Every structure is written in C-alpha cells, then in structure tokens.
Amino acid sequence: MPDIPVLFQDEWLLIVDKPPGITTHPNTYEKPSNTLVKILEKQTGFPVYSVNRLDRPACGIMVFAKTKEAVSRLSEGFRNRNVEKRYLALVRGFIQERIFIDDPLTSKYGKEKGEARSLVIPVSSLEIPEPVGRYQSARYSLVEVVLETGRYQQARRHLQGINHPIIGDKLHGDRDHNRYFLTRFKRETLYLRSCALAFPHPGNEKLRLQAWAGIPDSWKDVFSLLGLPIPPDYQREACCFLLPS
C-alpha cells in the first residue's frame, strides 16, 4: 500500500486525500491493518482519530485529529455545521441548473428520519451516441454537491432520489450505466469525491482551514476518453491552507 497523500498537518490534526477502496475503521470484513487509521498510524508514527467519514469506495479529503482535545473541538464543529463540505460526482443524465434538495433521510440502520439538505451544482455534461439500457444514447453530468447536513450516504441517496444516480454506485446506482463503465474502462469506480472542506482550526478559532482536492488522474483518463470537459478549477492540484476566519 503506497503512502496516503497528506495535504496538511500540525500538532492538532492531519488532513489527507483518501484513495478509494479503503475502509476507515476495522469491521467484520476488513483486517485492522488494512484500514485507513492503521495505515496512517504506521505511516506517521502517532495515533490518529477520524473526524469525518467517507464510504469505502469514495475518495477525497478526510480529517484526523492527533489528540483527544482536537477530536472534541473538531467534532463539535462538525456537529454544529460550522463546516463547508463539497463533493464531486459523475451522475447519469443532464443536470444543467442548480437543484436544492430538502428531503429527510433515515439513519444508517433505517431508524428515525432526520433533516437532510443538499445543493447540486452543474459543472459539465455530455451525451455520447452509445446505447446504454433502453436508450440509444447516454447522458452524463459532472456535478458538485454541497452538503448542508451530514446524513448517512446523503449525496448518494439524494442524487438517486432526483433520478440522477452516481456512476459506480452499487447500492443506489443504475446497473446498466455501472456495467457500461466497468466494461468500457475495466475499472470499478464510485465517482464520488470529497473535493473541498473548510472548518475552524481547533487550536485557533481565528483561523480557518480550507482543503481542496481536484479531480484525480484516474478520473481524468476516463473523462478524456468520454469527451467530458473539465473546467480549469477542477484540474488544480490538491492543497490546503489557513485563512483568517
């Protein structure tokens, strides 16, 4: 396993660019040594504690605290929604206008529903003259999803709910389009990426951390073959910086 790309670190926290296919914490299906927490602890030489979450097949920005005090302060910020969370997703169909979704979602275990709000922003789109499913051509859109809340698999479930499922999503996606991508590109990928995160620094409330992770090279290769345009802003290298709050 190659080293996990580190975007920022200080005595309080660590911000990384999580590759797809890695589970954050140990579970009944994954050896502890293969989880992101253990890989990072081996890589850095100190304990880390996850603050936000990403599904195993997703990729992008994750925050890890280095101390229990940092965990508490960062978790409070996430609970109070003093955090800006943006995702990139490749979805089925055309999305050419902003869509605000206010649709409550159940918890991970299907219990009570809680408020869930997402803003979907179009980035680019294309139509290819190849039959997929029952249509003679296929339409795709690259979108940015701004999460106002943090429900379980919120982006994936909200996009499915407006009939624009994420490509490569086995749970909430379109089997015909998932099969097309797997057959054509020989790669099983969930096209969902945590691309931007902004939050107050746990050690100094007057500073705000902003992290950015552009489109990975593996996505660029696929988008190039499809002919999907990528705006310059999304081709920037991953980075992180501190700004006055």
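**A predicted fold, from one exposed lysine to its cores**

Lys186 has a relative accessibility of 68% and counts as exposed. The term exposed stands for over 50% relative accessible area, buried for under 20%, and partly exposed for what lies in between, with a 1.4 Å probe and protein chains only. Lys186 sits in the loop between α4 and β11, and although this residue is not a glycine, its phi is positive, about 55 degrees.

The model is predicted, with local features requiring a pLDDT of at least 70 and side-chain atom pairs counting only at pLDDT 80 or more, while totals for chains, interfaces and linings use all residues. Residues are numbered from 1 along each chain as its sequence is written, and side-chain values use heavy atoms, with hydrogens and water left out.

The confidence of the predictor comes next. The mean pLDDT of the protein chain is 92, and 96% of the residues score at least 70; pLDDT is the predictor's confidence in each residue, from 0 to 100. Among the elements of the chain, the lowest mean, 88, belongs to helix α2 (residues 68–79), and the highest, 98, to strand β6 (residues 99–102).

The protein chain contains five helices and 13 strands. These are DSSP runs numbered from the N terminus, where a helix (H or I) has at least four residues and a strand (E) at least two. The chain's radius of gyration is 18 Å, close to the 18 Å given by the globule rule for 245 residues, so the chain is as compact as a globular protein of that length. That radius is taken over C-alpha atoms, and the rule is 2.2 Å times the number of residues to the power 0.38. Along the principal axes, the C-alpha atoms fill a box of roughly 55 × 40 × 40 Å. Of the 245 residues, 49% are buried. Among contacts (heavy atoms within 4.5 Å) with a separation of 6 or more, 64% join residues 24 or more positions apart.

Two helices show how the interior is built. In α5 (residues 217–226), the buried residues are Trp219, Val222, Phe223 and Leu226. Seen down the axis of α5, these buried residues fall within an arc of 100 degrees, so they line one face of the helix; the arc is that of the directions from the helix axis to the C-beta atoms. An α-helix has 3.6 residues a turn, so residues three or four places apart point the same way. The face of α5 turned away from the buried side carries the exposed residues Asp217, Ser224 and Leu225. On the buried side, α5 packs against β4 (59–65), β5 (84–92), β9 (117–128), β10 (138–147), α4 (175–185) and β11 (192–201). Gly227 follows α5 and has a positive phi, near 90 degrees.

Helix α4 buries His177, Asn178, Tyr180, Phe181 and Phe185. Down the axis of α4, its buried residues span an arc within 160 degrees, so they too line one face of the helix. They pack against β5, β9, β10 and α5.

Which residues have the most contacts inside the largest nonpolar core? They are Phe64, Tyr140, Phe181, Tyr191 and Phe223, in a core of 53 residues. A nonpolar core is a set of buried Ala, Val, Leu, Ile, Met, Phe, Trp, Tyr and Cys residues joined through side-chain atoms within 4.5 Å. Strand β10 gives the most to this core, with six residues. Leaving aside neighbours within four places in sequence, Phe223 is in contact with Leu90, Leu142, Tyr191, Ile215, Leu228 and Ile230. A second, separate core has 20 residues, including Leu7, Ile15, Phe199 and Cys240.

The search of the whole structure finds zero disulfides, a disulfide being a pair of cysteine sulfur atoms within 2.5 Å. The sulfur of Cys195 is 10.0 Å from the closest cysteine sulfur, in Cys59, which is too far for a bond. Cys240 is in no disulfide either, and its nearest cysteine sulfur, that of Cys239, is 7.5 Å away. Cys195 is buried at 0% relative accessibility, and Cys240 is buried at 16%.

Two further loop residues complete the tour. Gln153, in the loop between β10 and α3 (154–161), has a positive phi near 50 degrees and is a residue other than glycine. At 11% relative accessibility, Gln153 is buried. Glu237 lies in the loop between α5 and β13 (239–244) and is exposed, at 64%. Between Glu237 and Ile215 there are 8.3 Å from C-alpha to C-alpha, although they are 22 residues apart in sequence.
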